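Thanks for coming. Please look at the structure first.

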Amino acid sequence: QLVESGGGLVQAGGSLRLSCAASGLTFSTTKMGWFRQAPGKEREFVAAITWSGGTTYNTNSVKGRFTIARDNAKNTVSLQMNSLKPEDTALYFCAAGTGRIRPIPEYDYWGQGTLVTVSS
């Protein structure tokens, strides 16, 4: 089970920190990812981190603004989002899997999502 938290309403230029708590899976051996889905759009990859936390990946539109991190002792993964833009508005999902980094089908477990709204 994956449970996200930390979403909310923020003005453009502001920051939010999303968290995801995992249970019922071998957290320390799975890659973790964040995806988002804006209204009327398909779900898209945002960021991911390998099981060890040694390598992170970001989609181009969030590079330099978003940072993914994990704490294997606490079974949590976070997404620090800075310099938020209105186009970052979306439902953000936490996901876990063991395959490739970016494709959605490579993730086996999904949270319910947390809504991020960035006002201009």
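**Salt bridges in the chain**

The count comes to 4 salt bridges, a salt bridge being a side-chain nitrogen of Lys or Arg within 4 Å of a carboxyl oxygen of Asp or Glu. Keep in mind that this is a predicted model, where local features need pLDDT of at least 70, side-chain atom pairs count only at pLDDT 80 or more, and totals for chains, interfaces and linings use all residues. Residues are numbered from 1 along each chain as its sequence is written, and side-chain values use heavy atoms, with hydrogens and water left out.

Now, which residues are linked in a network of salt bridges? They are Arg36, Glu44, Arg65 and Asp88.

Take Arg36 and Asp88: their closest N and O atoms are 3.0 Å apart. Arg36 lies in strand β4 and Asp88 in the loop between β8 and β9, so this pair ties together parts that are 52 residues apart in sequence. Strands here are DSSP runs of E, at least two residues, and helices are runs of H or I, at least four, numbered from the N terminus.

Asp88 also meets Arg65 in a salt bridge, at 2.7 Å from N to O. Arg65 sits in the loop between β6 and β7, so that pair joins parts 23 residues apart in sequence.

Are these residues buried or exposed? Arg36 is buried at 6% relative accessibility, Asp88 at 1% and Arg65 at 9%. Buried means under 20% relative accessible area, exposed over 50%, and partly exposed in between, with a 1.4 Å probe and protein chains only.

Elsewhere, Glu106 and Arg100 form a salt bridge at 3.1 Å. Glu106 is partly exposed at 21%, and Arg100 is exposed at 56%.
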